[in-house]
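Please look first at the sequence and the fold as a whole, and then at the spaces that the protein atoms leave open.

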Amino acid sequence: MTFDPETTTFLIAGPVRIHPRVLRAMATPSLNHRGDYFHGIVQEIRELLPVAFGTNGRQVVLSGSGTAGLEAVYAGLVPKDGRTVVVANGNFGDRSDAIVRRYAGEVTTVRAPWGQGFPVEAVRAELDRGDVRAVCAVHNETSVGLANDLAAIVPAVRRSGALFLVDGISAVCGIPLPIEAWGVDAVVAGSQKGLAAPAGLALVHLSERAVAALHPGSYYLDLGAHLTALEKNDTPWTPAVPLFLALVEALRLLKEEGLEGRLARTHRLAEASRAAVAALGLELFPDPRFASDTVTAIRNPDGLGDPQLRKVLEKEYNILVQGGQGALVGKIFRLGHMGIADWPDLLVTFAALERILGKHGRLPRPGAALSEIVARMP
Ligand code: PLP
């Protein structure tokens, strides 16, 4: 079998597979983005965004990938005259740090090695030092397949009075994020992850406190301008119209499944993946206590790198999984099982992994990984 993008089993860590209903929604003639039909689309998106975030709030859609959402939030909310704490334990924590440093006055970065758990004590200590006006953290560190224990810092963030700004790009619709209970002030989601829409839109949730704290930062990504336009079912600039049409269909699909249903399915797929990884005799990359439910990151076994695993999956089995980033290139591979990923995706992928490892004489118990998956299917 050769790689065929139309029929591939697609398990990268986002963009994720897109439902045909969502694909079809994009295939429309040009629309007047200031006309009634498009205003109706924007209105429906507004009405459905709370389904994705699991709460009502001030929510906007920006034309631009997840990073645009992060830049909008940091440009508008990190203080120029106070301290911002950024937490980084992977590639996307580093990305947030880089963006924040363009806009913030004083930045303290609390780091933990990639793949290790959230540095809770160090974050608390920084908050106790005082004068922290914003805390920026990644909920799900996609680069290492790790869900950060944000709940553990909630009381300290609350006490400090700092704004709590969360990169939820690969967490929203995949990992529970109780925005209200944790007092999160801004959450950024990416269209191409748990929502299973095409790449290219950022969704932003803001608390009332965050809206009140917005200050001028970016012009194009001015969240205030987007909020004002959205109240009239409009956008300040020409939006990515086909992506909005796809987004509304993806949100309808999410509503049909229900956020709880999607979270539960994602969790079950993650548990099955982790059990199957162990049955293959492979190891997770992150601290297993914090393994992510949306992305499973697996160490390449000794002597078997990308050419022997990932490339064979792609070229011989038409299965796409993702490699490592930065220093982890060639050392790990990652399975994204969020959005509309489902049991057949896992069965096909782990069957191929069994076959590949078996051919190298590296499969401890033939059939065991598949049995772990089958045992967890509904
Ligand atoms: N943050 C996280 C946690 C991500 O997973 C990603 C993308 O994978 C980003 C930020 C960057 O988002 P984008 O590539 O959509 O700009």
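Predicted model: local features only at pLDDT ≥ 70, side-chain atom pairs only at ≥ 80, totals over all residues.

Residues are numbered from 1 along each chain as its sequence is written, and side-chain values use heavy atoms, with hydrogens and water left out.

The shell around the ligand holds 13 residues, of which Ser65, Thr67, Thr142, Asp167 and Lys193 come nearest; a residue is counted as near a molecule if one of its heavy atoms lies within 4 Å of it. By class, this shell has three nonpolar, seven polar and three charged residues, where Ala, Val, Leu, Ile, Met, Phe, Trp, Tyr, Cys and Pro count as nonpolar, Asp, Glu, Lys and Arg as charged, and the others, Gly among them, as polar. Helix H3 (66-77) and helix H4 (91-103) each supply at least two residues of the shell; helices (H or I, at least four residues) and strands (E, at least two) are DSSP runs numbered from the N terminus.

An N or O atom in the side chain of threonine 142 is 2.4 Å from an oxygen atom of the ligand, a polar side-chain atom of aspartate 167 lies 2.6 Å from a ligand nitrogen atom, and a polar side-chain atom of glutamine 192 lies 2.8 Å from a ligand oxygen atom. Taken alone, the ligand exposes 400 Å², and the protein buries 88% of that, with accessible areas taken from the Shrake-Rupley method with a 1.4 Å probe.

Rolling a probe the size of a water molecule over the atoms shows where empty space is left. On a 1 Å grid over the protein atoms alone, a cavity is a set of points where a 1.4 Å probe fits but cannot get out, whereas a pocket is an open set with protein on both sides within 12 Å along at least five of seven lines, and lining residues have an atom within 4 Å of a point. The space taken by the ligand is the largest pocket, a molecule being placed there if more than half of its atoms lie within 2 Å of the grid points.

About 270 Å³ of space lies in the largest pocket, a volume being the space filled by probe spheres set on grid points that are joined across faces, edges and corners. Of the 19 residues that line this pocket, Phe92, Thr142, Ile169, Gln192 and Lys193 are the closest to its centre. H3 gives the most to the lining, with three residues, and the lining as a whole has five nonpolar, ten polar and four charged residues.

There are also two cavities of 30 Å³ or more. The largest cavity has about 70 Å³ of space, and strand S2 (residues 58-63) gives the most to its lining, with three residues; that lining has seven nonpolar, four polar and no charged residues, including Tyr220, His226 and Trp237. The second largest cavity has about 40 Å³ of space, and Arg17 and Met338 are among its lining residues.

Most residues other than glycine have a negative phi, and most peptide bonds are trans. Here the peptide bond from glycine 14 to proline 15 is cis, with omega near 5°, and proline 15 is found in the loop between strand S1 (9-11) and helix H1 (20-26). Aspartate 131 has a positive phi near 60° and lies in the loop between helix H5 (120-128) and strand S5 (132-138).

Technical notes: Polar contact = N/O pair within 3.5 Å; in protein donor to acceptor, adjacent residues only side chain to side chain.
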